[in-house]
Amino acid sequence: MTMTITSKKVADKIGAYLHHRISLAELVDWAERAMMDASFETRNAGRIRNVVARIGVADVRAFGLTWEDCEQFLDALGYSARIEIVAGQPTRSAATVREKPARKYGK
C-alpha cells in the first residue's frame, strides 16, 4: 500500500525534527523513502515533492538543513513556525508549527 504524503505530514515531520523528536538522519531517511515509495497529495504535489526532495539531501554537507530552510519549507506548505524562549526547560524545545490561516483574496 502506497502512503500519500500531504503538506500536513511533511510539516509534522519538520516539527518533529525541530522538537528533537527525530534526528536529521531519521528525517532524511523518511524523505528518501517518501521520494521512492510514496505518492503525493494531488493538490500541492509539486510543492510537496520539492520540499521532500530537498529534505532528502539535507545530510549532504553542501546542502545541510538550517532553521531558515525549515521556515521556507513550512511557508511553501502553508505552515509557519514560531519559537518561544522558555526559562528553566533547557532540554525541551518550544518551537511550534502551525497551519497558516487561509489567505483571503480580493482584500
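Predicted model: local features only at pLDDT ≥ 70, side-chain atom pairs only at ≥ 80, totals over all residues.
Student: How many salt bridges does the structure hold?

Tutor: A salt bridge is a side-chain nitrogen of Lys or Arg within 4 Å of a carboxyl oxygen of Asp or Glu. The structure holds 4 salt bridges. One of them joins the side chains of Lys-8 and Asp-12, at 3.2 Å from N to O.

Student: What separates Lys-8 and Asp-12 along helix H1?

Tutor: Helices are DSSP runs of H or I with at least four residues, numbered from the N terminus. Lys-8 and Asp-12 are separated by about one helical turn, because they stand 4 residues apart in helix H1 (residues 7–18).

Student: Which salt bridge does Arg-33 form?

Tutor: Arg-33 pairs with Asp-29, and their closest N and O atoms are 3.0 Å apart. These two residues are 4 residues apart in helix H2 (residues 24–37), so about one helical turn separates them.

Student: Where do the residues Asp-69 and Arg-54 lie?

Tutor: The side chains of Asp-69 and Arg-54 meet in a salt bridge of 3.2 Å, N to O. This pair links distant parts of the chain, with Asp-69 in helix H4 and Arg-54 in helix H3 (residues 45–56), 15 residues apart.

Student: Is Asp-69 buried or exposed?

Tutor: Buried means under 20% relative accessible area, exposed means over 50%, and partly exposed lies in between (1.4 Å probe, protein chains only). Asp-69 has a relative accessible area of 15% and is therefore buried. Lys-8, at 46% relative accessibility, counts as partly exposed, and Asp-12 counts as partly exposed at 42%. Arg-33 is partly exposed at 41%, and Asp-29 is partly exposed at 36%.

Student: Which residues does Cys-70 touch?

Tutor: Contact means heavy atoms within 4.5 Å. Not counting residues up to four places away in sequence, Cys-70 touches Ile-14, Tyr-17, Leu-18 and Leu-65. Cys-70 lies in helix H4 (residues 67–76), and with a relative accessible area of 2% Cys-70 is buried.

Student: How far apart in space are Cys-70 and Ala-11?

Tutor: From C-alpha to C-alpha, Cys-70 and Ala-11 are 9.2 Å apart in space, and they are 59 residues apart in sequence.

Conventions: Residues numbered from 1 in each chain as written. Heavy atoms only, no water.
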